[in-house]
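The report below examines selected residues and the contacts between their side chains. Please read it alongside the sequence and the structure shown here.

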Amino acid sequence: MYGNRITELISDQFIGLRNVFVIDLQGNSISRIEANAFNSRVNLTYVYLYNNLVTEIIDGAFQGAYNLVALDLGYNRIQRIDGGAFTSNNLLRTLYLDGNSITTLTSNSFNGLSSLQYLDLNFNQ
């Protein structure tokens, strides 16, 4: 799904795709990710959302992606990360947030990321 004209990810967007390990949505025009967009993705381990138009990561955006180990949100327009954005992603090891517009992080922006080993925040404001 790389390089299409997808503009948003709605709740349960990928329902029924239980055997998918990788979702590559790079180079689209995604500006919004609803809560539970990745709900029930038992085998999903990699999500690539690089180079889109996302402005915020809301509470529950990656709820249900329990086995996610790498998430690339680089080069979007993210300004804010809600405290509950990653609470169900305790296996996430790599998170790219480079090239965004993040100016402030709160003490709970990364709640739930107990396995995080690499966090890239380069080239933010």
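## Selected residues and their contacts

Asn51 lies in the loop between β4 and β5, where strands (E, at least two residues) and helices (H or I, at least four) are DSSP runs numbered from the N terminus. This is a predicted model, in which local features need pLDDT of at least 70 and side-chain atom pairs count only at pLDDT 80 or more, while totals for chains, interfaces and linings use all residues. Residues are numbered from 1 along each chain as its sequence is written, and side-chain values use heavy atoms, with hydrogens and water left out.

Although Asn51 is not a glycine, it has a positive phi of about 60°. Asn51 counts as partly exposed because its relative accessibility is 41%; buried means under 20% relative accessible area, exposed means over 50%, and partly exposed is in between (1.4 Å probe, protein chains only). Phe123, in the segment after β9, also has a positive phi of about 60° without being a glycine, and with a relative accessible area of 65% Phe123 is exposed.

**Asn76 and its loop**

Asn76 is found in the loop between β6 and β7 (80-81), and its relative accessible area of 6% makes this residue buried. A polar atom of the Asn76 side chain lies 3.2 Å from the backbone nitrogen of Asn52, and the side chain of Asn76 also reaches the backbone nitrogen of Leu53 at 3.3 Å. Leaving aside neighbours within four places in sequence, Asn76 is in contact (heavy atoms within 4.5 Å) with residues including Ile30, Leu49, Asn51, Val54, Gly99 and Asn100.

**The aromatic cluster and the nonpolar core**

The structure holds six aromatic pairs, defined for rings of Phe, Tyr and Trp (its six-membered ring) whose centres lie within 6.5 Å, with planes under 30 degrees apart counted as stacked, over 60 as edge-to-face and the rest as tilted. The rings of Phe38 and Phe62 have centres 5.3 Å apart and planes at 15°, so this pair is stacked. Because Phe38 lies in the loop between β3 (32-33) and β4 (46-48) and Phe62 in the loop between β5 (56-57) and β6 (70-72), the pair ties together parts that are 24 residues apart in sequence. Phe38 counts as buried at 0% relative accessibility, and Phe62 likewise counts as buried at 0%. One aromatic cluster is formed by Phe14, Phe38, Phe62 and Phe86.

The largest nonpolar core has 28 residues, of which Ile33, Phe38, Leu49, Ile57, Phe62 and Leu71 touch the most other members; such a core is a set of buried Ala, Val, Leu, Ile, Met, Phe, Trp, Tyr and Cys residues joined through side-chain atoms within 4.5 Å. Not counting residues up to four places away in sequence, Phe62 touches, among others, Ile33, Leu68, Leu73, Ala85, Ser88 and Asn89. In soluble globular proteins, nonpolar side chains tend to be buried together.

**Charged side chains**

The structure holds four salt bridges, each being a side-chain nitrogen of Lys or Arg within 4 Å of a carboxyl oxygen of Asp or Glu. Three of them are tabulated here.

| Salt bridge | N to O distance |
|---|---|
| Glu8 and Arg32 | 3.2 Å |
| Glu56 and Arg80 | 2.0 Å |
| Arg80 and Asp82 | 3.5 Å |

The pair of Glu56 in strand β5 and Arg80 in strand β7 links distant parts of the chain, 24 residues apart. Glu56 is partly exposed at 29% relative accessibility and Arg80 is partly exposed at 43%, whereas Asp82, at 18%, counts as buried. Salt bridges that share partners join Glu8, Arg32 and Glu34 into one network.

**Asp120 in strand β9**

Asp120 lies in strand β9 (residues 118-120). Asp120 is buried yet has no salt bridge, and the nearest side chain of opposite charge, Arg93, is 16 Å away; here Lys and Arg count as positive and Asp and Glu as negative, with His and the chain ends not counted. The Asp120 side chain instead makes a polar contact with the side chain of Asn122 at 2.9 Å, a polar contact being a pair of N or O atoms within 3.5 Å in which, within protein, one must be able to donate a hydrogen and the other to accept it, and for which residues adjacent in sequence count only if both atoms are side-chain atoms. Leaving aside neighbours within four places in sequence, Asp120 is in contact with Leu95, Tyr96, Leu97 and Asp98.
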